[in-house]
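User: I'm new to reading protein models. Could you walk me through this one, feature by feature?

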Amino acid sequence: MSGAPPKSHGRLAISASVQPRELMSHNPRLKGAWTARIITLFPNAFPGTLGLSLTGKALDMGLWALETIDLRPFGEGRHRNVDDTPAGGGAGMVLRADVVSKALDQAAIGAPQDRTRWPVVYLSPRGRPFDQATARRFSEADGITLLCGRFEGVDERVLEHYGVEEVSLGDFVLTGGEIAAQALIDATVRLIPRVLGNQQSTEEESFSDGLLEHPQYTKPPVWEGREIPDILLSGNHAKIATWRRDMAERLTKERRPDLWRAHITRMADRPEAEGGDPMEDRELSGGTHQRGKTAEPGDTR
């Protein structure tokens, strides 16, 4: 046997560069493909789970593109410092405006200046809540630039100067914006035509019509004494649609009163609602009965 050490098959080393790094660049990119440009201190975090399953297949097919811009090469001094202490004192560090601005300028090359066509977004817990409507708005753009924060955040001046839109995934704090960026991209990319095998899936899931999704079932027909509701096995598609709508309304009313109130308000604004009292908190029957009892969500025995 040779005394030579075995070759390493680990991750390839990537040298620092101010140029965007296109992930999976060996694959074709269709003309006009939706593109995500991500400014991050950790470019190797991408594509992550975005490179798997349907989003990964679509990325491989060139239906959308992913580029990372490493923030570190834009840093100051010999050590490429990207942050400094907060003005006025306090814990942690803040990403510098002069450093972030260079990365934003790099990300803007070749992108439309119209923010409706190319939003520039900072993932921040103080931003506006990210929802399905926002995901759809982003998916209808040409692409998006995402700024992933770290430490105590980003110097406010650079956000104001570039008119950066702040978006939050929820009322919690992460150590950085990379995980949030992946979640946002996943929710957005799946709305792009051809990414999902059945585009109807995006029309029937939670939040698409302002309601939570109805319960789902599959084989076996009986599991641990719990049966699939009879209505779903009846073959009567009209009754199935009614049952699913009723279950969606019931779940939304029980679990997300905020969404339910918004739904009632939307119904009140529709012309067909005239003549009734859509603001009335109507009782939801559940839509069907199973062996003499209402088919409750999660209780199908």
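**Reading the model step by step**

Analyst: The protein chain exposes about 17,800 Å², and carbon and sulfur atoms supply 52% of it (accessible areas come from the Shrake-Rupley method with a 1.4 Å probe; for residues, only the protein chains shown count as cover). Keep in mind that this is a predicted model, where local features need pLDDT of at least 70, side-chain atom pairs count only at pLDDT 80 or more, and totals for chains, interfaces and linings use all residues. Residues are numbered from 1 along each chain as its sequence is written, and side-chain values use heavy atoms, with hydrogens and water left out.

User: How many helices and strands does the protein chain have?

Analyst: There are eight helices and twelve strands. Helices (H or I, at least four residues) and strands (E, at least two) are DSSP runs, numbered from the N terminus.

User: What percentage of the 301 residues count as buried?

Analyst: Buried means under 20% relative accessible area, exposed over 50%, and partly exposed in between (1.4 Å probe, protein chains only). Here 42% of the 301 residues count as buried.

User: And how do I read contacts?

Analyst: Contact means heavy atoms within 4.5 Å. Among contacts between residues at least 6 apart in sequence, 74% join residues at least 24 apart.

User: Where does UniProt place the feature "binding site"?

Analyst: The unreviewed UniProt entry puts it at Gly 149, Leu 169, Gly 170, Asp 171, Phe 172, Val 173 and Leu 174. UniProt positions are given in the numbering used here, feature names are shortened, and annotations may be inferred rather than shown by experiment.

User: Is Val 173 buried or exposed?

Analyst: Val 173 sits in the loop between β8 (165-168) and α5 (178-189), and it counts as exposed because its relative accessibility is 70%. Leu 174 lies in the loop between β8 and α5, and with a relative accessible area of 38% it is partly exposed. Leaving aside neighbours within four places in sequence, Leu 174 is in contact with Ile 179 and Ala 180.

User: What about Leu 184: buried or exposed?

Analyst: Leu 184 belongs to helix α5 and counts as buried, because its relative accessibility is 0%. Skipping neighbours within four places in sequence, Leu 184 is in contact with Leu 123, Phe 130, Phe 138, Ile 144, Leu 146 and Val 167. Leu 184 and Leu 169 are 15 residues apart along the chain, and their C-alpha atoms are separated by 8.0 Å.

User: At what angle do α3 and α5 pack?

Analyst: Two packed helices are described by the angle between their axes and the distance between the axes. Axes are lines fitted to C-alpha atoms, for helices over the stretch in contact, and angles run from 0 to 180 degrees between N-to-C directions. Helix α3 (residues 132-139) packs against α5 at about 75°, with the axes 8 Å apart, so the two are roughly perpendicular. Angles under 35 degrees count as roughly parallel, over 145 as roughly antiparallel, 65 to 115 as roughly perpendicular and the rest as oblique. At this meeting, Ala 135, Phe 138 and Ser 139 in α3 meet Leu 184, Ala 187 and Thr 188 in α5.

User: How do α7 and α8 cross?

Analyst: The axes of α7 and helix α8 (residues 257-269) come within 5 Å and cross at roughly 125°. That makes α7 oblique to α8.
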